[in-house]
Amino acid sequence: MAPYESDDSTSTGETEDLRAGRRRAARYVVPVTVVGLAAATIGLVPALADSGDPDLPKISAQQLVEKIAASDVQQLSGTVKISTDLGLPDLGGLESGLLSGATQSGGDESTADPSAKLMELASGTHTLRVAADGPDRQKLSLLEDAAEYSVIHNGKDVWGYDSKANEVYHSTAADGADARDEHEEEVPATPKDLTEEALKAADDTTSITVDGTAQVAGRDAYRLVIKPKDSGSTIGAISVAVDAKTGMPLKFTLTPASGGAAVIDAGFTQVSFARPAASTFDFTPPKGAKVTEENDAPAKAPEDFRKSGDDFGREFDQELGKELDGDGMKVIGEGWTAIATYDSGGEGIPSGEEAGGDLGGFLGSFGDKVTGTFGKGTVFSTRLVNALVTEDGTVYAGAVTKEALVKAADAAR
Amino acid sequence: MSQAEVVREVVRDVPRRTSPLWTLGLLRSELFTTLRRWRTLALLAVLAAVPVLVGIAVKIETSDGSAAGGSGGEGPAFISQITNNGLFLVFTALAATLPFFLPMAVGVVAGDAIAGEANAGTLRYLLVAPAGRTRLLLTKYATVMSFCLVATLVVAVSALTVGALLFPLGELTTISGTRISFADGLVRAVLIALVVAASLIGLAALGLFVSTLTNSGIAAMATTVGLLITVQILDQIPQLHAIHPYLFSHHWLSFADLMRDPVYWDDLVKNLGLQALYAAVFGSAAWARFAGKDVTT
C-alpha cells in the first residue's frame, strides 16, 4: 500500500482527504469496540452468572439447625475466601506484630508457628484452602503472594510449613478421637466453625429464621439468618448459607448493626466433597528447611493451636459470655448484649489534659471521651466490639453500642 | 537461511500472496533481524546474567549453613528454597526479572518494531513489498511475542543450568508442602516459563501501539518503558486499589500459583485474560493507526 498522496487537483484532493480521514477514524472503532465489549463483559457476566436463587423445598429454621448439627462431612476440599473488617486502626505490620506478640509465650519463635501465622486472618481478605479426610487428616493452607502457609494434620503429626521463610514447625498431636475433638476447636476459619460458634449463642434473645435460598460455590443452599432480639448489640445479623444436600455451612456473613460492609465474610468459592488425594496430607520437611519442634508434652500442642483460634473468635466469645469466667473477669447480662468487665488494676486511661505524658494523650486520641454517673472514661470503638475504660481502670467490653456500655458502667457503680 | 534465500522465497511467492509460507518467510526474516541486533543480544546477555548472580549470591550466603534471604523470608519469591533444589532458581530468577528486566527488554524490542524502521528509513521499503500493512503489523507483533518467549527461556535455561551446577536437584516440595517428582517439577517450570512469556503479551501490544505513533525509535522505547514504570508504581499505591485489577502488571506474579498443589488457577486465568484484553485493545489500536498512517520515511 502506497502512502496517501493528494497532489492532484485541489477539489478531488480535498474530498479524498476527507474520505481518507473518515476511513482513518472509522478504524479506531475497532479498539473502542473491544474496550466496550470488555467493559460490558466485566459488568454483565457476574450479573448473568447469578442465575437467581435455587428452588428448594421449604424448611423450618429448627429443621435447618438440626441439619447443620447432623451434618457429618468427613471428606472435603475447597477454597475459602475470608474477609474481615473489624474497623481496627490500620497499624500495618505493627498490628500483626502486636497481635502475634500477645499470643506468644516469648522466646524466638519460628515463623511457621501456627499461632503466630493465623493471627493474620484477623484483618483483610485472605484465601484459604481446606482439605479434610476423616478425623485424622486435615490440611489448612493460607495462600500468600508466591508463598503459602500450611498446617497439616496427618495422624499423630501436626506440621506447619511456611514456604516463604522455608521454615517448618512440628508438633505431635494426641492420637485418635482425642485429636479430633481438639482439632475441631482449632481455627474457626471455615464457615462451619464460625456457624457453630454463632449457634452456641442461640437462646431466647435470638431470632433464627430461614431467609430463602442462595447459591454458594455452585451449590444450592438455604440461607439461615441469626439476629439478636435485643437492641444495643453492634451485631446486625449473621447470615449462614447451608448446603441443602449435606447440611454443611458454606458461607458465613456477619453484618454490623451500623450497616456497611460485613465485618466477617467467610465463604467457600469452590468446594468438593470427594476424598482429597492422599498425597495432600503427606509432608516431609524439605531439605535445608529450618525445623522447630514443639518440645513440650504432646498434650500442649493442640492447646497451642486452640489459642490461636480463640484469639480469632474472641469477638464471639466476648459477646457470648463464654470462657470469661477467668480471674477477675465478670460478665454483665447474657446473650448478645453481654458485657465483660474486669479491673485492669491500673489507673485506667487518664482523660483530659492531666494525662501523664505523651502516651496517655496518644492512647486517648484513639478513643472518645464519655461521661456518666460512673465518672469519666474513654471508649475505644471498632466496628464490632466497643470497650470502655473508666478513669479508675475498670474495663467494660462487648459487642454492644457505646450507650449500652455507659449504661452498664452506670449500673455497676 | 540466508538473506538471498529469503529474497528468493519472497520473489517466488509473489503471485500467491495469501500463502502462509510467505508470511512465515517474512516472520523468519524479521525474527533473525531482531535477534541479530547487538542491542537485542546485549539485553539477552543481561537477562542470562541475573540467574547467575542470584545463584552465586545464594551459594555464598548459605555456604556457612545459614538460610537464604534471612529468616523472615525476604527477597524474591522462592529464594529460600533454592538451597533445597536448584530448580527453584528458575522460579526465583523469573520472579526477580519479571518486574523489570524482562518487560524492559520487551519494551525496547516492541517500541523499536515500527518506529525503528521508520527512523532508519526502511519502513517504506518494507511496505513496497506486497505484504500489506496489516500483515506486516501482525508479523511485527508475532516477532515481539517470539522475543517475549525467547527472553523468558533465556532466563529459565540460564537459571536451570546455574541451579543444576550449584545446588542439588531431585524431588521438590511445592509451596503447599506436598512433594512432587523432579520430572513433574520440570513440567511446571516449562509451564511457568510459558505463563511468564504470556504475561508480557499485553506490554508487547502496548509497545507496538506506541511504536506506530512516532517515527523515532528511541522515543517509542522510552515511552513504553516509561509506561511500564508508571504502571508498576500505580500498582504499589494502595489508595488506587480500584484500578489495580486492570493494570497489566497486577497479576504478573500469579505464575507462582503453578507451584501450589493443587494449582490455584483463579489469578492465572485473570492474568491471561487481562493480557489477551490488552493485546486486543492495543493491537487493534496499532492497526487502526498504522493502516491509515502517512508513511514518508
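Which residues have the most contacts inside the largest nonpolar core? Keep that in mind for the second view. This is a predicted model, where local features need pLDDT of at least 70, side-chain atom pairs count only at pLDDT 80 or more, and totals for chains, interfaces and linings use all residues. Residues are numbered from 1 along each chain as its sequence is written, chains are lettered from A and ligands numbered from 1 in the order in which they are written, and side-chain values use heavy atoms, with hydrogens and water left out.

**View 1. Chain B has 11 helices and 2 strands.** Helices (H or I, at least four residues) and strands (E, at least two) are DSSP runs, numbered from the N terminus. Read from that end, the order is α-α-α-α-α-α-α-β-β-α-α-α-α. Chain B has 297 residues, and 52% of them count as buried; buried means under 20% relative accessible area, exposed over 50%, and partly exposed in between (1.4 Å probe, protein chains only).

**View 2. The largest nonpolar core has 79 residues.** Such a core is a set of buried Ala, Val, Leu, Ile, Met, Phe, Trp, Tyr and Cys residues joined through side-chain atoms within 4.5 Å. Back to the opening question: F78(B), F91(B), L102(B) and F255(B) have the most contacts inside this core. Helix α7 (residues 133-166) of chain B gives the core its largest share, 11 residues. Take F255(B) as a place to start: leaving aside neighbours within four places in sequence, its contacts (heavy atoms within 4.5 Å) include F78(B), F91(B), L94(B), I192(B) and L268(B).

**View 3. In helix α4 (residues 88-97) of chain B, 9 of the 10 residues are buried.** Among the buried ones are F88(B), F91(B), L94(B) and T97(B). What do the buried residues of α4(B) pack against? Their partners are α3 (38-62), α5 (101-120), α7, β1 (172-173) and α8 of chain B.

**View 4. Helix α7(B) meets helix α8 (residues 182-199) of chain B.** Two packed helices are described by the angle between their axes and the distance between the axes. Here the axes come within 8 Å and cross at roughly 145°. (Axes are lines fitted to C-alpha atoms, for helices over the stretch in contact, and angles run from 0 to 180 degrees between N-to-C directions.) On the α7(B) side you can find C148(B), L149(B) and T152(B), among others, and the α8(B) side includes L186(B), A193(B) and L194(B). L194(B) counts as partly exposed because its relative accessibility is 43%.

**View 5. A cis peptide bond joins D261(B) and P262(B).** Its omega is about 0°. P262(B) sits in the loop between α10 (217-234) and α11 (266-291) of chain B. Most residues other than glycine have a negative phi, and most peptide bonds are trans.

**View 6. Over in chain A, A146(A) and N166(A) have positive phi values.** For A146(A), phi is near 55°, and the residue lies in the loop between β3 (137-144) and β4 (147-154). For N166(A), phi is about 55°, and its loop is the one between β5 (157-162) and β6 (167-172). Are these two buried or exposed? A146(A) is buried because its relative accessible area is 11%, and N166(A) is buried because its own value is 4%.
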